[in-house]
Amino acid sequence: MVSITIDNKAYRVSPNENLLQTCLTLGLDLPYFCWHSELGSVGACRQCAVKQYQNDEDKVGRLVMACMTPVCDGMVISMQDTQSIQFRQTNIEAIMTQHPHDCPVCEEGGNCHLQDMTAISGHINRRYTGKKRTHLNQYLGPMLNHEMNRCIGCYRCVRFYRDYCGGDDFNVFGSKSHLYFGRATSGALENNFSGNLAEVCPTGVFTDKPFSEHYIRKWDLRTAPTICPHCSLGCNITVSERDQKVRRITNRRHDEINGHFLCNIGLFGYEHANHNERLDAPLLRNNADKSSVILSSIEAKKQLAKLLSPADSDDQGSYLSQATGKCIAIGSARTQIENNAALMKLVGQDNFYLGVPDQQVQMLHMLCSAYQSNRVSPFSIKQAQACDAALIINEDISHTAPRLALAIRQMSRNLGVDNAAKLGLADWQDGSVRNIAQTSRSPLAIIASDTSQLSNLATEEVIISPDEQVILLEEIQDQLAHRLEETKKLNEAERLNENPERFTDIPHRPTSSAADIDSDINSNIEPYANTESYSASTQRIVDTLLTADTPMVITGLQSQDPTLLSTSLNIASLLKQLKPNAGFYGVTKQVNDLHFGLLIKDEEGEENYQGIDSFITRVMGQEGEDSTHKAPDTLIVLETDLYRYMEVERLEAALDAIDNIIVIDQMLTPTAQMADLILPSGSFAESQGCYLSSEGRLQHGFATISGLNQRMMPWTWLSELTDLSSPAEIHHWLSQHFPILAPIETFSELAQINLGSQFRIASQPKRASARTAIHAVHDVKEQMPISASGTPFVQSMEGVEGFRQSQVQMITVLPANAWSPKWNSDQGANRFGNESHSPWTLGITLFSQASPSSQPAYSDERQAEQENGLQTNASRKETNSSELTSVSIRLMPSANLYADFELASYSSPIHSMSPEPSLNIHPSLAASLNLIEGEEAQIRGEHSAARLMCTFNQQMSPDVAQVPNSLFTLLGKRAKISPLKGTEDSDGPI
Ligand code: SF4
Ligand code: SF4
Ligand code: FES
């Protein structure tokens, strides 16, 4: 800490920040435009001027830009001297000569950084009477409006879009006061983070287009904090509501996860919550004549009880007995933990199936086991951003984990930032740091079947088929194991003072040559011309990882290949033994699927991966089983559309074999359409409960809207049958049965304090203007919001106000909205990082306390793999050659952010950005299969068949064909592909 004086008052502050950040941290209102705590400083707007004095004798001083001035010990400055006040007033007046001053019709009004800064600067008179420049606006896609006349030329947008996010379809054009920030031609912005421009821009140039459709001033919204319901990263969001509809989503800063930015799915993927296909009331359906009867919730609960304990059943009363197995259930990867727990308690663990394919359950379990045994250290996104080398294995994180990809984009700059630091430049000096860094990149190795949005940052990229990837990964694994053995020997020698060498000097172990591998695997396909020797790549990747201080491995479930995941975990584990700071990120597929990996039943040492495939087997019996097999009578499906995972014929045969199907869901999914009884559940905005992110962070989200119509949280539909009547009771049951989840009880304890508190939290700001006006044509009063129960928030402005919440009730609350006097804009509210250490705010990292088990020896892991039926290098080569001599082609899933997330796809802006499904194939493979670009191909997979348009891709591996993620699950890993025209093959699977 250093001492500085600001306006004759002494402060102790951190020396690592610039003066502007320091002033803001101290709660001093210094205006700024171009500075952003994540983007750093460039000194473009000149708004943050302060007077700096050389010492106590210096009475004249000089104006400096606070954002460009490092804090140093003994610094004396003034914010309040006349000259700096005048400078700031004159500067903002000049900036605003071209601004249209159209606040009453601007959607940024009341949420505008320019308004806030104008008020803070004290500029109150408009003297400019000249003509203002005007611009034509552009169509920028379904997410953002464009109103260029409001631009003040701060350059934040272009720095964010191009420098920070790596986008290249947005730029600054023109000069002087005729700057234009937009695209070369109108069109949808391509970057996955484009929606953040609405917050990054300090004025109303970019505004939230879906919000415009049902716009409400910020101060008339009610808000509550929760977790993004889409991918597995667990970004923190604030949901805003009015009139029982979700109006918008904004970023809630969490420095370990999302920081300042959400991806476009997180920002705009909420329309399912307002969708007209939402289920509002329970439905009793007659599938024979396709008719439905709407039930009240009391009738629905009676019907539920009846279906679960039929009066005409011989064994009434024991129907729900878990031993009889008459009632089974499928849990959900997109609902809160509490709902799955209640359902599992109802039917018993033996009868509870996890709502993803068995193989995915196995992979989730592999991740959880590695975290629990401390074999690998799960990193947060912030840690990923700070690491100094990364290896990404077969996971297109730009689409499966976008916020992580944005962090890796920043991570690749760390080498340049370090180089600048050696010259005395702090990381916040953005312009200078980028100037010095130029194109220097931190090591980023990518092993994949296709190029990705991160390819241009990769220092090493190997594009090969998944089967070849396993061979390469096993080589890396062997190298690391060898280095580990040698290191242990050296350490032992060092201990005996015999040998001072370090492991980095150990000679490389020779690996199998590329020629050997090629001859084995490429029996009918031309080798990819750009594929280099694996040995050389292996060596470079191993050296890169071992030279770094904090290397990390990133992989995930996209490949749906347990062998790849197992090998990746081995690599991360060996790396951790060689480099104790090494980390790992395992990207899973849905918001709450990781906790499935903790719900595995271990039967006499053998894990039971009860997913959707096991459910089908349970209903239909094993193949070859005698015909006396009896399917369960009743099935409860919780928030899972089974049609996304299982081919129609098999699934419908299984569903037809079950007498009673009960579905609890938000939407009328194809699965819900097969149900006898449908119970409507609350969306993420209507529910509260816990999620476990893929980092292993247990987080709690609150409801913004409470209990609209007859929608209820699923556990409440079941509560009379489960005897679990509150989240606290569910948490307790969970911690009794799954001790690893015991920290979930922390949230019950905090909730008790909050609910008993006299300081309930207002979910609406004090300055509501127009709640009575919205439906004035019909009625002067608006419907009263439904009062919330079980939440610390009151559904009005009558409670503790945002900025005071943490003062009156220290750690137990989470602000409903972020606001402080004079700071109305979201970006202003987000200028501070996480101050609270409350689990409400930070979550609980489940595995950080994992007790280090005895690390399994490397050879044991390999043996275990073989015992588990996972392939080794040699056996895989064998499989390759025999598989590839057949005509079937290895399929790979191609991920797409706008197409892959079930609930987000109900949002029209997201849906309109999703690409047409296509078969992505290398021209050489296409030629060997007689496929023509732009024409349809027939794909007959292991389980089902599909027809897709062919698109050619020169960059991808010529040994695989890519199909959309959703189809890959249905088709399986291999397929016969032929041109649709003139095909004589059948339409069915292989
Ligand atoms: S468009 Fe907004 S962010 Fe970009 S320069 Fe103009 S005011 Fe700044
Ligand atoms: S979809 Fe994923 S990356 Fe995007 S905001 Fe939500 S949690 Fe974050
Ligand atoms: S914020 Fe300091 S010059 Fe723009």
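**Figure 1. Helix H13, a largely enclosed helix of the predicted model.** In this predicted model, local features need pLDDT of at least 70 and side-chain atom pairs count only at pLDDT 80 or more, while totals for chains, interfaces and linings use all residues. Residues are numbered from 1 along each chain as its sequence is written, and chains are lettered from A and ligands numbered from 1 in the order in which they are written. Because 9 of the 10 residues of H13 are buried, the rest of the structure largely encloses this helix. The buried residues of H13 are Pro 402, Arg 403, Leu 404, Ala 405, Leu 406, Ala 407, Ile 408, Arg 409 and Met 411. A residue is called buried if 20 or more other C-beta atoms lie within 10 Å of its own, exposed if 12 or fewer do, and partly exposed in between, with C-beta atoms placed from the backbone. Helices (H or I, at least four residues) and strands (E, at least two) are DSSP runs numbered from the N terminus.

**Figure 2. The shell around ligand 2.** Ligand 2 is surrounded by 13 residues, and the closest are Cys 228, Cys 231, Cys 235, Cys 263 and Gly 266. Helix H7 (264–268) and helix H13 (402–411) are the elements that give two or more residues to this shell. A residue is near a molecule or strand if its C-beta atom, placed from the backbone, lies within 6 Å of it. The shell around ligand 2 divides into 8 nonpolar, 4 polar and 1 charged. Here Ala, Val, Leu, Ile, Met, Phe, Trp, Tyr, Cys and Pro count as nonpolar, Asp, Glu, Lys and Arg as charged, and the others, Gly among them, as polar.

**Figure 3. The shell around ligand 1.** The residues that surround ligand 1 include Cys 151, Cys 154, Cys 157 and Cys 201. Ile 152, Gly 153, Tyr 155 and Arg 156 also belong to this shell, as do Phe 181, Pro 202, Thr 203 and Val 205. By residue type, the shell around ligand 1 has 9 nonpolar, 2 polar and 1 charged.

**Figure 4. An open sheet of 5 strands.** The strands follow the order S2-S1-S5-S3-S4, and their pairing is mixed. Strand S2 (9–13) and strand S4 (62–65) are at the edges with a single partner strand each, so one side of each has no neighbour in the sheet. From one strand to the next, the twist averages 40°. Two strands pair if DSSP finds at least two bridges between them. Strands of a sheet pair through backbone hydrogen bonds, either parallel or antiparallel. Helix H2 (residues 82–95) lies across strand S3 (49–53), S4 and strand S5 (75–78), and runs at about 155° to S3. For such angles, axes are lines fitted to C-alpha atoms, for helices over the stretch in contact, and the angles run from 0 to 180 degrees between N-to-C directions. Two residues are in contact if their C-beta atoms, placed from the backbone, lie within 7 Å.

**Figure 5. Strand S1 and its partners S2 and S5.** Strand S1 (residues 2–6) is antiparallel to S2, and 5 bridges join the two. Val 2 stands opposite Val 13 in S2, and Ile 4 stands opposite Tyr 11 in S2. The hairpin of S1 and S2 has 2 residues between the strands, and Asp 7 takes a positive phi near 45° there. With S5, S1 pairs in the parallel sense over 3 bridges. In that pair, Ile 6 stands opposite Ile 77 in S5.

**Figure 6. Helix H10 and what covers it.** Helix H10 (residues 358–372) has 15 residues and reaches 21 Å from its first C-alpha to its last, close to the 21 Å expected at 1.5 Å a residue. The expected span is 1.5 Å times one less than the number of residues. Among the buried residues of H10 are Gln 360, Val 361, Leu 364, His 365 and Cys 368. Their cover includes helix H19 (562–578), strand S21 (583–587) and strand S23 (606–608). After H10 comes Asn 374, whose phi is positive, near 70°.

**Figure 7. A barrel of 6 strands.** The strands close in the order S32-S36-S33-S35-S34-S37, with mixed pairing. On average, neighbouring strands of this sheet are turned by 45° against each other, direction ignored. Strand S33 (residues 918–921) and strand S35 (residues 945–952) run parallel and are joined by 4 bridges. Ile 921 stands opposite Phe 952 in S35.
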